[in-house]
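Here is a short note for a colleague who is opening this structure for the first time. Please keep the view open while reading.

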Amino acid sequence: MPEDIAGSEQMLANWNQNIQERAARYQEMATRVQGMTISERSSDGSVQLTIGSNGILQNLVINESAAGRRMAEISGEIMKLLQRAQSKIPALLQEAMAETIGTQDETANVLFNEAKKNFPAPPADDPPARSPYDNNEMNFRVEDDTPPPPPPPVRRRPPSDDDDDFGGNSVLR
């Protein structure tokens, strides 16, 4: 029986050591991921941003070269850069996992799949859709499929039998 106890103690010691090693690898992965940043810059260099590994914006720089552009254009560029940067998070996470805990780990795969779901690839670079506001025009019309109502009928005043003795002329003549 003492052999069984000694064997069980050794098994528990090995199990404990494996858990501690695994926890250390997870901690190393978390430290690596936490320190990662991703930067993106617009093609003309007028906008640059940096995000953390959690996808949150850490820094945004809008250079003076953007001064002549419309605000809608600049904000669209910022959102495009942010999506592009965030879409790189799953690859960074996978790289950190491969270097620390391995890609076969079930928990690591859950984390990776969650990152892919939260930070998908950005949409293809389509030309921006034009809006009625692109020419700085204000449009207060309500877009509607129903035809406008017909104009009201023209009403003619009946001839007046009013005897005003002015003969239709002004008195101030």
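This is a predicted model: local features need pLDDT of at least 70, side-chain atom pairs count only at pLDDT 80 or more; totals for chains, interfaces and linings use all residues.

1. Start with the second largest pocket. Its volume is about 180 Å³.

2. Now the lining itself. Among the residues that line this pocket are Met-29, Ala-30, Val-33 and Met-36. Ser-53, Ile-89, Leu-92, Leu-93, Leu-111 and Ala-115 also line the pocket. By class, nine lining residues are nonpolar and one is polar. No charged residue takes part.

3. Turn to α3 and α4. How far apart are their axes? The distance is 9 Å, and the packing angle is about 165°. An angle over 145 degrees counts as roughly antiparallel, so α3 and α4 are roughly antiparallel to each other. The crossing of α3 past α4 is right-handed.

4. Which residues make this contact? From α3 come Pro-90, Leu-93, Gln-94 and Met-97. α4 supplies Ala-108, Leu-111, Phe-112, Ala-115 and Lys-116. The contact has seven nonpolar residues, one polar and one charged.

5. Please look at Leu-93, Leu-111 and Ala-115 again. These residues line the second largest pocket and also belong to the contact between α3 and α4.

Note on methods: Residues are numbered from 1 along each chain as its sequence is written. Side-chain values use heavy atoms; hydrogens and water are left out. On a 1 Å grid over the protein atoms alone, a cavity is a set of points where a 1.4 Å probe fits but cannot get out, and a pocket is an open set with protein on both sides within 12 Å along at least five of seven lines; lining residues have an atom within 4 Å of a point. Grid points are joined across faces, edges and corners, and a volume is the space filled by probe spheres set on the points. Ala, Val, Leu, Ile, Met, Phe, Trp, Tyr, Cys and Pro count as nonpolar, Asp, Glu, Lys and Arg as charged, and the others, Gly among them, as polar. Axes are lines fitted to C-alpha atoms, for helices over the stretch in contact, and angles run from 0 to 180 degrees between N-to-C directions. Helices (H or I, at least four residues) and strands (E, at least two) are DSSP runs, numbered from the N terminus. Angles under 35 degrees count as roughly parallel, over 145 as roughly antiparallel, 65 to 115 as roughly perpendicular and the rest as oblique. A crossing is left-handed if the near helix is turned anticlockwise from the far one by less than a right angle, and right-handed if clockwise. Contact means heavy atoms within 4.5 Å.
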